[in-house]
Amino acid sequence: MTTDQPTLAVSGLDKTFTMHLQGGQRLAVLRGLDFDVSAGECVVLGGASGAGKSSILKMVYGNYAVDRGGVRLRAGNIDIDIATANPREILAARRHAMGYVSQFLRCVPRVPALEVVAEPLVARGVDATEAGERAAELLSRLGIPDRLWGLPPATFSGGEQQRVNVAHGFIADLPMLLLDEPTASLDARNRRVVVELIAEKLEAGTAMLGIFHDAEVRETVADRVVPVEDFTPMSKVAA
Amino acid sequence: MSDERPLLEVRNVSHRYGDRFGCRGVDFDLWPGEVLAVVGESGSGKSTLLGTLSQRLDTSEGSIRYRLHDGDVANLAELSESAVRRLWRSEWGFVHQNAADGLRMQVSAGGNVGEPLMANGWRHYGRIRAEATDWLERVEIPRDRVDDTPAAFSGGMRQRLQIARNLVVSPRLVFMDEPTSGLDVSVQARLLDLIRSLVSDLELAVIIVTHDLAVARLISHRTLVMKDGRVVESGLTDRVLDDPQAPYTQLLVSSILQG
Amino acid sequence: MSAQQIEYNIGYLDEQTKRMIRRTLLKAVAIPGFQVPFASREVPLPRGWGTGGVQLTAAIIGSDDVLKVIDQGADDTTNAVSIRAFFNLVAGVPTTTRTEDATIIQTRHRIPETPLGEGQIMVYQVPIPEPLRFLEPRETETRRMHALNEYGLMYVKLYEDIAKYGHIAKTYDYPVLVNDRYLMAPSPTPSFDNPKLHQSQALHIFGAGREKRIYAIPPHTDVESLGFEDYPFEPQSFDQPCAICGSTGVYLDQIITDNAGGAMYACSDSDHCERTAARADNEEAAS
């Protein structure tokens with residue numbers, strides 16, 4: 001294994017949305033996107049909202065289809081091109097190599113918060129008790145009172161859900177983390193906790209790719225900013 | 001390693017009703033521990049596909065290869081009826097939309113769950129009853145209901161009983177046909193959660209037919225979208241639902257969001 | 001002027017029909033416990049009164065046979081007397097009530113207490129030949145279960161009994177596995193008689209006229225009454241001896257003796273009872 005290879009290498013990435021319900025209108029979002037993220041590095045996607053930043057994260061995660069180009073993920077035993085990998089390979093990559101912290105929480109209705117947070121560890125074979133302890137630790141650090149741990153997060157406020165989501169995303173030690181505005185609706189205290197968590201992960205060698213609207217957070221955590229607008233077609237409506 | 005090969009290899013599978021195709025040219029692999037959702041509107045061929053895969057309908061074209069418990073790979077169309085029924089007894093389960101189709105309504109809950117054990121040669125009443133009672137508990141039916149008939153159960157309980165009856169013999173592949181439709185929303189959520197946890201605990205492979213994209217999203221890893229008997233799109237469930245490519249999938253997804 | 005005389009073919013049925021039934025019987029004997037369909041005919045008694053048994057007897061009876069007919073174990077009930085008279089008329093064979101003298105014994109419920117020997121044939125009148133009928137009403141499905149040896153369902157019935165009553169409550173038509181292969185209903189015989197089927201020296205043939213099925217247990221065949229390891233099959237047993245002849249270990253009928261519900265228990269096998277009682281009288285007289 002060569003350590004100088006980036007954990008994530010995005011090259012020549014194109015993305016166009018075809019909206020069949022609107023007469024097949026095509027919306028070109030990205031053209032020829034190139035960037036790398038190395039271990040222990042935090043790369044931030046910059047640009048105005050609507051530039052396609054979230055789409056990039058989703059393509060890296062395998063959540064959006066890639067029209068053209070490569071999304072090479074190399075971490076541990078994983079070495080795949082997400083753009084062409086089959087679902088099984090992508091699921092394996094998600095389990096062993098990359099995590100995703102989105103703005104919105106999506107989970108099964110009846111599962112309690114503590115289990116939601118512990119789930120990524122359990123899925124990786126960590127003993128349920130130990131996973132629960134680590135989940136509890138993370139939830140208290142993020143200021144979720146322990147009386148809520150046994151309740152399903154669907155009943156929580158927006159900010160609480162966001163923090164459960166952050167805990168869910170940060171609990172496992174994965175080589176690659178994708179962060180989609182993890183601090184968006186947090187107060188200053190919790191924003192600070194998230195920044196700390198990010199710093200700890202970077203220290204441990206995690207590669208990070210993120211979107212941060214909060215300029216202060218962005219400047220604190222970013223090693224580099226990729227200007228997404230440079231890769232946006234002049235006219236969004238393709239031929 | 002047992003994961004080296006798929007459990008089910010489906011190649012170009014069709015089922016014909018007379019000169020009309022119920023489903024046509026279906027291809028996919030299914031791996032242990034994987035949940036595959038088949039979505040589409042009624043008449044799209046999803047139930048026909050389920051019937052064909054589970055050998056309740058014949059395979060007019062193509063092949064279905066299944067990796068047996070002992071590691072041998074069988075072409076399902078070439079198996080004798082008794083071999084297929086042996087699979088049904090010991091390796092496969094089928095959860096029907098209507099619990100009455102999958103249960104004996106006049107037989108007690110314990111008898112319903114115990115029957116597959118007895119069919120597999122269990123001959124010790126005490127052990128059969130103990131196993132059945134444990135399974136009732138796993139599907140959240142109180143132990144003291146073991147001697148009640150499903151006729152006295154609510155819809156959600158019947159469906160959970162049906163799941164226990166299917167899982168008691170530790171199958172490797174379970175077919176589910178709209179297992180949650182017809183239930184109240186809260187009951188649905190509970191059932192889905194139960195299915196999800198059992199599937200991951202038991203490393204089951206599941207093919208679930210549903211018209212409800214929310215069900216597909218909650219419990220499946222992969223999704224096939226069917227229309228007019230054909231698969232119009234397939235892939236990771238979140239990819240299919242969040243970035244649908246086919247016109248029909250886009251219609252389906254947008255209909256749900258607006259509905 | 002002589003009385004008008006009807007000439008019956010021996011055994012009432014025509015030769016072609018008897019041949020058809022015998023062919024069916026050969027198949028039934030060759031596949032112990034398996035229900036073989038046959039073209040059930042009209043005989044001069046109503047369906048449900050033993051037409052299957054009568055057709056079997058008619059097909060196998062010959063001039064050197066001796067016939068015994070019992071109903072509920074007794075030789076002297078209406079049906080037994082009538083069927084005996086019928087064959088005496090149409091086959092010209094001698095009849096008997098003594099079990100060991102009979103070559104053919106037609107029965108509705110009981111197997112005689114006197115042990116059966118080689119060369120004897122038991123003919124059963126069967127109302128419902130399918131043991132799985134009440135659990136699975138579809139004949140197509142039960143036939144498939146027999147074909148594929150899938151008998152889990154029968155145990156469900158026994159399971160339900162134990163769950164409900166604490167023991168297997170079935171006391172007649174108790175299901176048996178014949179020759180370790182076919183599940184079989186021993187007709188409405190009491191479970192008391194089930195052990196007599198196992199490794200019997202006699203041939204047992206079963207005819208269901210209305211249902212058009214024939215099946216058989218050849219001599220020296222294993223017949224296992226189903227049960228669980230922890231709740232094995234237990235034939236019925238009786239605490240008291242016969243009130244008439246004093247026999248123990250025999251099947252008893254309850255006979256109501258007065259309007260207050262008083263009852264006595266006596267042998268259901270009338271031949272056995274009469275002869276045991278007579279023997280006791282003789283011994284008493286001799287002493």
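Helices (H or I, at least four residues) and strands (E, at least two) are runs assigned by DSSP and numbered from the N terminus. With that in hand, welcome to a set of close-up views of a predicted model.

**View 1. Helix α3 of chain A and the residue that follows it.**
Start with helix α3 of chain A, which covers residues 113-123. Look for its buried residues: A113(A), V116(A), V117(A), A118(A), P120(A) and L121(A). What do the buried residues of α3(A) pack against? Their partners are α4 (128-141) and α5 of chain A. After the helix comes G125(A), and its phi angle is positive, near 90°.

**View 2. L174(A), a buried leucine in a loop.**
Now find the loop of chain A that runs between α5 (158-170) and β7 (176-180); L174(A) sits there. Is L174(A) buried or exposed? It is buried, because its relative accessibility is 6% and the cut-off for buried is under 20%.

Staying in chain A, move to the segment before β1 (8-19), where T7(A) is placed. T7(A) counts as buried because its relative accessibility is 7%.

**View 3. Chain B and its two domains.**
Here the focus is on chain B, whose domain assignment gives domain 1 (2-91 + 171-258) and domain 2 (106-170). The contact between them takes 16 residues from domain 1 of chain B and 15 residues from domain 2 of chain B. Their centres, taken over C-alpha atoms, are 25 Å apart. An unreviewed UniProt entry lists residues 8-253 of chain B as "domain: ABC transporter". That span is 40% helix and 26% strand, and the C-alpha atoms at its ends lie 28 Å apart.

**View 4. Chain C and its two domains.**
Chain C is also divided, into domain 1 (15-225) and domain 2 (237-287). How many residues of domain 1 of chain C are in contact with domain 2 of chain C? There are 15, and they meet eleven residues of domain 2. The centres of these domains of chain C, again taken over C-alpha atoms, are separated by 27 Å.

**View 5. A nonpolar patch on the surface of chain C.**
Three residues, I6(C), Y8(C) and L89(C), form a nonpolar patch on the surface. Together they have about 310 Å² of accessible area. Y8(C) belongs to the segment before α1 (15-30) of chain C. With a relative accessible area of 33%, Y8(C) is partly exposed.

Zoom in on pairs of charged side chains. In one pair, R47(C) and E42(C) meet in a salt bridge, with 3.8 Å from N to O. R47(C) is partly exposed at 34% relative accessibility, whereas E42(C) is exposed at 59%. In another pair, D75(C) forms a salt bridge with K68(C), and their closest N and O atoms are 3.0 Å apart. D75(C) is buried, with a relative accessible area of 3%, and K68(C) is buried too, at 0% relative accessibility. The last pair in this view joins K196(C) and D193(C), at 2.7 Å from N to O. Are K196(C) and D193(C) buried or partly exposed? K196(C) is partly exposed, with a relative accessible area of 25%, while D193(C) is buried, with 0%.

**View 6. A salt-bridge network linking chains B and C.**
Finish with a group of charged residues drawn from two chains. E81(B), R85(B) and R89(B) are linked with E141(C), R144(C) and E150(C) in a network of salt bridges. Over all chains, a search of the whole structure finds 52 salt bridges.

Note on methods:
Residues numbered from 1 in each chain as written. Chains lettered and ligands numbered in written order. Predicted model: local features only at pLDDT ≥ 70, side-chain atom pairs only at ≥ 80, totals over all residues. Heavy atoms only, no water. Patch = residues over 30% accessible without salt bridge, like charges linked within 9 Å, V, L, I, M, F, W, Y side chains within 5 Å. Areas by Shrake-Rupley, 256 points an atom, 1.4 Å probe, with all protein chains shown as cover. Salt bridge = Lys/Arg side-chain N within 4 Å of Asp/Glu carboxyl O. Buried < 20%, exposed > 50% of the residue type's maximum accessible area, 1.4 Å probe, protein only. UniProt positions renumbered as here; feature names shortened; annotations may be inferred. Domains from an automatic or database assignment. Contact = heavy atoms within 4.5 Å.
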